Amino acid sequence: MADSRIEVDFIGPFRDICGCRNIGLDVDRELALPALIEEIASKFGSEFTERLGLSEGGYDGELATVIVNGKVVGGPKLGEVVLRPGDRVVFAPSLTGGG
Amino acid sequence: MGVETKGYAGKYIVFDLGKGKGRSEALSESVATNFIGGYGFGARTLYDNVRAGVEPYSPENVLAWWTGPLAGTVAPTTSKYAVFARSPLTGFFGFGVSSGGFAYELKSAGWDGVVFFGRSPKPVYFFVDDDAYGLRDASALWGKTTWETEELVREELGDDAVRVASIGPAGEGLVRIANITNDRNRQVGRTGLGSVMGSKMLKAVAARGTGSVDVADPEGLFEFSMELNERCQGPKTEKYRIYGTPANVLVHQKLCCLPSYNFQRGTFEYAEEVSGERMMRTHVKKVIACTNCPIACDHVNEVRDGPYKGTVASMDYESLDMLGPCCGVRDLDSITKAVNICDTMGVDTISAGVTIAWAMECYERGILAGEDVDGLDLRFGNAEAMIRALGLLCRKEGRLGRLLAEGVKRASEAVGKGSEKFAVHNKGLEWGAYSMRSLKTSTLGFATSIRGACYLRSGSYQVDVKGTVDRLKLDRSRGKIVYEGENSYAIIDSLILCKFIRGVMSAGDMAKLYTLATGFEMTEKQLMLAGERIHNLAKCFNLVHGASRKDDYPPPRAFEEEMTDDGVRGARITREEYDEALDGYYEARGWTGEGIPMRSKLAELGLEKEGEGLGVG
């Protein structure tokens, strides 16, 4: 019953923190993205929110990238995103290039 | 008059390889403070010395090596140098930046840089030993790999502390995508400068310095550097320290911007198998740092089993994608082997991967077959064929090797039959591992880059991947983003700092570092103006060598084919939106619609003289 779930993928440090590649959350209604993050943190520890940068003045895309249905969530919009059953969320490190 | 500011050594070597003689030149105060170092000095050197018509492999082409004012000081991530010449791959401004310990030694020897002219009649290497410098015979080194050369030079000089930057057989054989390697794993990778060394019969440059760099405020610089060191140990650089850039693979995959199958797609069905996460478990043997770097990003792989057992290679995201998914290859052992071949034979991993991926697509489309590919079954995903093709390329062996050694632009022009349409490059430089159609601001930055397709000239992919803009659209406003990124990166490449520090260091911090090291009161505004000046001078060089608006476009695949990956299905760039964004970029730069700097802009930057004869408006 994939449509009643929100699928969450973890990459890089988030995979290490959570100890798994992905989880599925059964939901029967809309869920705010911050509420999802809170739920994940309650399950896997506060390191999860720290790694998102939430403890350092807010998520700004510098430390981590949050992707919802293939679309990057810009820093200021994190609190505005509302998830629905069937959505796919990715928590990943920010993209890097250089040297 | 020589430079009086500290930080700089204050002098550089000008060396004629034909005559085997050189001289010490004083660095002028004006050049130092207006062009900063590294990229800025390279722009000045090439513009002043390489006139129109000078062929890249002719003795008249200059090969300039420059450090920055912070090299050799306590400031973190500053052991970097850059090399410059007219590129044999693009015909335009050629340059690359490398790290390791080479710059630290050269600067500690008392030199800001070395500018080579001419061509040696026989293989030589150049050795800087504090005040002394000169050529040594390299006949016995000719034909050796870069790793062998480093060892042999150190052995001959009897000093393990000597740092060596050398070319492999590819550079000797004038493979146009040849690079320069130092400290085994660090490269001046792009624009084919290894082959310019080869054309000059210059096998290596070695440096040993026992002096120290005099700075204006030693205590202040030390204190600020310690603060920066601490920031470098914080969460914003954790991704480099722990995971390395291969952690990008799965992020790119999720965003459908992981180039695969020669950029036909933005996802790779085997991405997990080549991910940084998997690599950490199965291949990473150690993580090492460049001299004076608190980050330590260099993840070194070792193959543990199978036919390539024991093969070692430093692995970053670009190399991994270009010799992996871009060629349809899913086996980390084979990718590690391919990177090892590139590093030891001396070719750029990005250019090699893209050129082979193009040949694979030609093969699958029936454009290349049989003798054209020396009998290889060059299907996407055939790792063994990729490795054999790479070997041929590095040595220019067989029909395929001779073709691929020219880089993807020339190879596709030689083959024709429509293959130019899927030769993925800009200005002749092969595209890096960022999808063209699903990261559109990035694409504008790649295509307007001074040295050809490159993510390191503006970092414009960042606004796409942070969600600051809609990455699937382009408009006029993106031009200003690229413009600002280029100016900022021009300063990073001139000071020269590692770009991994950008998240923990502001432009104001860079100005402070410059002031503490040199004693010249540099403001953030002055520094950014210097970045703009440097970029414009490099642009003037390109214009002298024939660049025009047509050179600032991505390849046909970006416009003519829609993406088929779920999530970005149908994505492509329209000519109209690209033209609008390019107009916006030129406008932000103060350039004409043809991409030529306006007289007023050059005057603002103190470059009036350079504008003469360029037909600026």
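Q: In strand 4 of chain B, what is the bridge partner of Ala64(B)?
A: The partner of Ala64(B) there is Phe84(B). Keep in mind that this is a predicted model.

Q: And how do strand 3 and strand 4 of chain B pair, in the parallel or antiparallel sense?
A: Strand 3 and strand 4 (residues 81-86) of chain B pair in the antiparallel sense, over three bridges.

Q: What about strand 3 and strand 6 of chain B, how many bridges there?
A: Four bridges, and the sense is again antiparallel. Strand 6 covers residues 113-117 of chain B. In strand 6, the bridge partner of Leu63(B) is Phe116(B).

Q: What holds paired strands together in general?
A: Strands of a sheet pair through backbone hydrogen bonds, either parallel or antiparallel.

Q: Which residues sit on each side of strand 3 of chain B?
A: Leu63(B) and Trp65(B) are on one side, and Ala64(B) and Trp66(B) are on the other. All four are buried, and both faces of the strand, residues 63-66, are covered.

Q: Switching to helices. How many residues of helix 14 of chain B are buried?
A: In helix 14 of chain B, 10 of the 13 residues are buried, and the helix is mostly covered. Among them are Met386(B), Ile387(B), Arg388(B), Leu390(B) and Leu393(B).

Q: What covers the buried residues of helix 14 of chain B?
A: The cover includes helix 5 (169-172), helix 12 (332-345), helix 13 (349-364) and helix 15 (398-404) of chain B.

Q: How far apart are the end C-alpha atoms of helix 14 of chain B?
A: They are 19 Å apart. At 1.5 Å a residue, the 13 residues of this helix (383-395) should span 18 Å, so the two values agree.

Q: What follows helix 14 of chain B?
A: Lys396(B) follows helix 14, and its phi is positive, near 50°.

Q: What about helix 21 of chain B, how many residues has it?
A: Helix 21 of chain B has 21 residues, 524-544. From its first C-alpha to its last it reaches 30 Å, close to the 30 Å expected at 1.5 Å a residue.

Q: How many of the residues of helix 21 of chain B are buried?
A: 16 of the 21 are buried, and helix 21 of chain B is mostly covered. Just after this helix, Gly546(B) takes a positive phi of about 100°.

Q: Let's zoom out. How many helices and strands does chain B come to?
A: Chain B comes to 25 helices and 17 strands. Its radius of gyration is 23 Å, close to the 25 Å that the globule rule gives for 617 residues, so chain B is as compact as a globular protein of that length.

Q: What does the C-alpha trace of chain B span along its principal axes?
A: About 65 × 55 × 50 Å. Of the 617 residues of chain B, 64% count as buried.

Q: And chain A, how many helices and strands?
A: Chain A comes to three helices and seven strands. From the N terminus on, the elements run β-α-β-β-α-α-β-β-β-β.

Q: What radius of gyration does chain A have?
A: Chain A has 13 Å, which agrees with the value near 13 Å for a compact globule of 99 residues. Of those 99 residues, 39% count as buried.

Q: In what order do the strands of the open sheet of chain A come?
A: Five strands form that sheet in the order 2-1-7-4-5, with mixed pairing. The edge strands are strand 2 (22-26) and strand 5 (71-72) of chain A, and each pairs on one side only.

Q: How many bridges are there between strand 4 and strand 7 of chain A?
A: Five, in the antiparallel sense. In strand 7, the bridge partner of Thr65(A) is Ala92(A).

Q: How many residues of chain A are in contact with chain B?
A: 22 residues of chain A are in contact with 27 residues of chain B. Strand 7 of chain A gives the most to the side of chain A that touches chain B, with three residues. The residues on that side divide into nine nonpolar, 10 polar and three charged.

Q: Last one, what does the model score?
A: The predicted model scores ipTM 0.87 and pTM 0.96. Chain B averages a pLDDT of 96, and 99% of its residues score at least 70.

Methods: Residues numbered from 1 in each chain as written. Chains lettered and ligands numbered in written order. Predicted model: local features only at pLDDT ≥ 70, side-chain atom pairs only at ≥ 80, totals over all residues. Buried ≥ 20, exposed ≤ 12 C-beta atoms within 10 Å, placed from the backbone. Helix = DSSP H or I, 4+ residues; strand = E, 2+ residues; numbered from the N terminus. Pairing = 2+ DSSP bridges. Expected span 1.5 Å × (residues − 1). Contact = placed C-beta atoms within 7 Å. Nonpolar A, V, L, I, M, F, W, Y, C, P; charged D, E, K, R; others polar. Rg over C-alpha atoms; globule rule 2.2 N^0.38 Å. pLDDT = per-residue confidence, 0-100.
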